[in-house]
Structure formats: C-alpha cells, structure tokens
Amino acid sequence: MQTIQRDTFWMISTNYKLTLYILAAIAIGFFIYGFYRRYRLWKRGVREKVRWNDVKANIGFFYKMVIEQKKIKRDPLYGWMHRFTSYGFVILFIGTVLVMIDYDFKIPLLKGKFYLYYELILDIFGVFFIIGLLIAMIVRVLKKRERLRNGLVDQAFLILLLLIGIGGYIIEGIRLTEAENSYAQWSIVGYALSGLFQGSSFFSIEYYPIWWLSHSILAFILIAIIPYTKLLHFLTAPINILFQPVKRTGKINTPYNLEEMSEEERYESLKIKGVTKISDFTNWQLLSTDACTECGRCDSQCPANNSGKPLAPRSIVMKIRDHMQNDEEVLSFIGPEELQSCTTCGACVEVCPVSINHIDLILSMRRGLIQNQIIDQEAENTLVHLEEQHNIFGKPWSDRENWSKGLNVPVIENVEKNKEKEGA
Ligand code: SF4
Ligand code: SF4
C-alpha cells in the first residue's frame with residue numbers, strides 16, 4: 001500500500017533548495033529589521049502599561065472584531081471579501097508553518113489521514129483566499145466603495161497576494177500530473193488542474209522548478225515588505241485590539257480628574273499636558289496608527305468631514321503614522337483647524353474595524369494646542385463671555401435667559417419652586 005506523506009522538495013535540486021533558504025533568510029531578516037524599527041518608534045512614546053484587566057476585557061471584543069469581524073461584515077460584500085481573504089491567508093500560513101515543522105524540524109506531521117485533511121482544507125481555503133482577493137480587486141476597479149483609495153500600490157498588494165495563491169495551485173497541479181498517487185483527489189483544486197495540465201509543455205515537470213522558485217520568491221517578497229507597508233496591519237491590528245488599554249467609544253481620557261480638581265479647588269495648579277510632538281503620544285497610541293488599513297470608514301462617517309470641515313480622521317491617523325520616524329512637531333503636519341473641527345461624536349471610533357481611538361488622538365493634540373495657547377476663536381470668545389458676563393452670548397447677565405423665551409424650557413429655579421409648592 002502506498003505511504004501517504006508529503007514529499008516536500010519533490011523534483012527540487014540542491015541548488016534550488018539552497019537558493020530557497022538564502023532567500024528565506026534575507027526575507028526574514030528584512031521582516032525582523034522592519035518590525036524592530038517600528039517597535040522602536042512606538043517605544044518613543046510615553047509609556048502606557050498594559051493592564052491585564054484591560055486585556056481580559058478585550059478578549060471578547062477581540063473575538064468579535066478579529067474572528068467574527070463584526071464591524072467589517074456590516075458591509076455584506078466587503079465583509080465576505082475580508083473574511084475570505086483573512087481566513088484563507090491564516091489557514092495557508094498555518095499550512096506553511098506545518099511544512100516547516102514537518103521538514104525542517106523533522107517532526108513528521110504531514111502523513112497519513114492528517115495529511116489528507118491538511119491537503120483538503122488548504123485547497124478549500126486557498127479558493128476562498130483567491131475569491132476574496134478577486135472581489136477586493138473588482139470593488140476597487142469598479143469604484144464600488146467611494147471611501148476606498150485605489151492607488152497602484154493598493155492594487156499591487158492584491159496582485160502579489162493573488163499570484164502567490166494561484167502559484168501554489170499551479171505547482172500542486174504540475175506535481176499531481178507527474179506524481180502518481182492514489183490520494184491525489186484530496187487536493188481537489190490541484191487534482192482538477194492536473195487534468196488540465198496534461199500534455200502542456202508550459203505546466204510540465206520541465207518548468208516545475210521555475211514555477212516552484214517563483215512562487216517562493218513572491219512569498220518572500222510579501223514577508224519582507226510587511227513591516228514597511230500598510231500590510232503591517234496583519235500584525236498590529238490584532239495586537240492593538242487585544243492589548244490597547246480599553247477606551248471604547250464615549251470614554252474620554254483626561255490627564256486629570258475634573259471632579260477631584262473642582263472639589264479641592266486646585267484649578268490654579270492645573271497643568272495641561274497635551275501632545276505637541278510625536279513622542280508625547282503614548283506608545284499604544286503610536287502603535288494604533290500602524291494598525292490603520294486606510295479603509296476610510298472613519299472618513300465616510302465623520303460629520304465634520306461630510307459637512308466640508310477641514311477634518312478627515314483617516315488622514316489624522318495616517319499623518320501621525322507617516323511622521324513617526326522623525327519626532328516632529330504635530331503642528332508641522334496637522335493644522336489646528338483640523339483638530340478644532342472634531343465634534344468628538346465618536347462615529348469614527350465606532351466604525352473603525354481595528355479599534356483606533358481617533359478621539360483620544362485628537363483630544364491629546366487639542367490639549368497640545370491649548371498648551372501652545374492656540375485656541376479656536378469662537379471657543380475663546382464663548383469662554384471670555386462666560387467669565388466676564390456669565391452669558392455665553394456676551395450680553396448682560398440679566399439677559400441670560402432671553403434665548404429660551406417662548407421655547408418652554410424648564411428653569412432650575414422654577415422647578416425647585418414648584419417642588420417646594422408641591423411639598424407644601
Ligand atoms: S469624533 Fe471627530 S473625527 Fe471622529 S467622526 Fe466625530 S467629528 Fe469626525
Ligand atoms: S482609522 Fe480605522 S476606520 Fe479609519 S481608515 Fe484607518 S482602519 Fe479604517
């Protein structure tokens with residue numbers, strides 16, 4: 001009876017094998033260096049410790065956002081696209097790691113029944129992966145989602161992933177045309193392709209090593225570029241969702257407790273510490289900007305953006321990410337009017353699939369503006385009127401209630417009087 005096992009490096013010469021290991025080492029070197037570079041930039045930020053209670057609270061949220069992809073699937077087409085590509089990618093990645101364990105670490109896993117299921121599952125998820133990528137490409141080309149930017153680089157990433165997916169099937173198909181084994185049908189796609197490849201000189205054993213090496217090179221290019229591109233979100237998005245201190249929509253982080261300050265009347269000693277340069281952000285805030293996928297959901301939901309104000313939350317996040325390298329002054333790349341246009345409504349945070357807290361970023365920088373004595377003229381006038389006339393409209397104090405005339409607005413004083421009357 002035929003032994004069921006994976007024949008890694010089938011028909012591959014020693015020279016090709018050596019080339020593969022050298023390329024793998026280079027790609028991994030690029031990856032580690034790139035990731036370390038970003039890590040050092042995050043470390044520049046103010047240290048904000050991981051609180052394990054936060055992580056515990058994040059586990060359920062992580063399941064909903066990363067596994068279930070709850071926010072992404074609100075858009076059904078894009079939801080399917082993302083689940084197909086991400087589940088496919090993860091399963092194919094796990095499959096590759098198992099090959100390494102089996103061949104390089106000499107732990108024979110890929111044999112017998114396990115190997116048959118392995119082939120079947122990988123072939124199915126490979127199809128999901130390719131379908132997902134095709135949907136993503138078509139949606140971008142046909143401009144079906146206005147929020148998406150369709151630059152050459154975005155399409156290049158998709159093409160690279162697609163070529164890797166298709167290449168895997170091609171080498172499997174050629175292998176199955178030549179290697180006679182009784183369990184080839186478990187590799188459903190490869191087996192179907194092997195039928196098509198019969199008699200072809202291009203998809204033949206002669207060209208197999210070239211197909212095999214080109215597939216490996218594309219996979220290594222992907223590994224090498226991840227930390228230098230927005231593909232870094234493959235790693236930073238799950239990290240951000242799981243470890244980021246919990247600040248869900250509506251919860252605003254303040255560097256002081258206003259209630260305590262007012263009780264103890266310590267306003268004079270209040271020192272506002274805001275963000276004026278990159279290294280004033282916390283390390284988690286900096287990491288979170290590297291999780292941005294540039295999907296544009298935040299822009300599409302932002303009332304300030306939609307009403308023509310000079311604010312686009314995606315740009316705020318991307319600008320911080322892109323200026324992290326040189327500890328730059330925030331005002332050199334983000335204008336005060338952008339920060340002052342935010343209404344803190346939280347729509348962007350609510351919709352962001354990778355849990356970036358735009359409000360937290362924007363308010364930190366707004367405090368930086370106050371620190372630099374830059375304040376919105378309208379807000380300043382309101383505060384001055386409040387201080388001097390006790391009337392935000394700058395009219396005499398006695399006219400404070402004028403705006404509510406005829407609107408039937410309950411006045412506290414009258415409410416209290418009514419209560420007293422009712423009590424009597
Ligand atoms: S919180 Fe600010 S940036 Fe976010 S959606 Fe609302 S207005 Fe836009
Ligand atoms: S911040 Fe979030 S919602 Fe906005 S573009 Fe980035 S990933 Fe998308």
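Tutor: The protein chain has 18 helices and zero strands; helices (H or I, at least four residues) and strands (E, at least two) are DSSP runs, numbered from the N terminus. This is a predicted model, in which local features need pLDDT of at least 70, side-chain atom pairs count only at pLDDT 80 or more, and totals for chains, interfaces and linings use all residues. Residues are numbered from 1 along each chain as its sequence is written, while chains are lettered from A and ligands numbered from 1 in the order in which they are written.

Student: Which residues come closest to ligand 1?

Tutor: A residue is near a molecule if its C-beta atom, placed from the backbone, lies within 6 Å of it. Here 15 residues surround ligand 1, and the closest are C302, C342, C345, A347 and C348. The elements giving two or more residues to this shell are α12 (303-306), α15 (347-351) and α16 (358-371).

Student: What about ligand 2, and which element gives the most to the shell around it?

Tutor: Ligand 2 has 14 residues around it, with C292, C295, R297, C298 and C352 nearest. Two or more residues come from each of α11 (297-301) and α13 (313-322); α13 gives the most, with three.

Student: How do the residues of the shell around ligand 2 divide by class?

Tutor: Ala, Val, Leu, Ile, Met, Phe, Trp, Tyr, Cys and Pro count as nonpolar, Asp, Glu, Lys and Arg as charged, and the others, Gly among them, as polar. The shell around ligand 2 has nine nonpolar, two polar and three charged residues. Around ligand 1 there are ten nonpolar, five polar and no charged residues.
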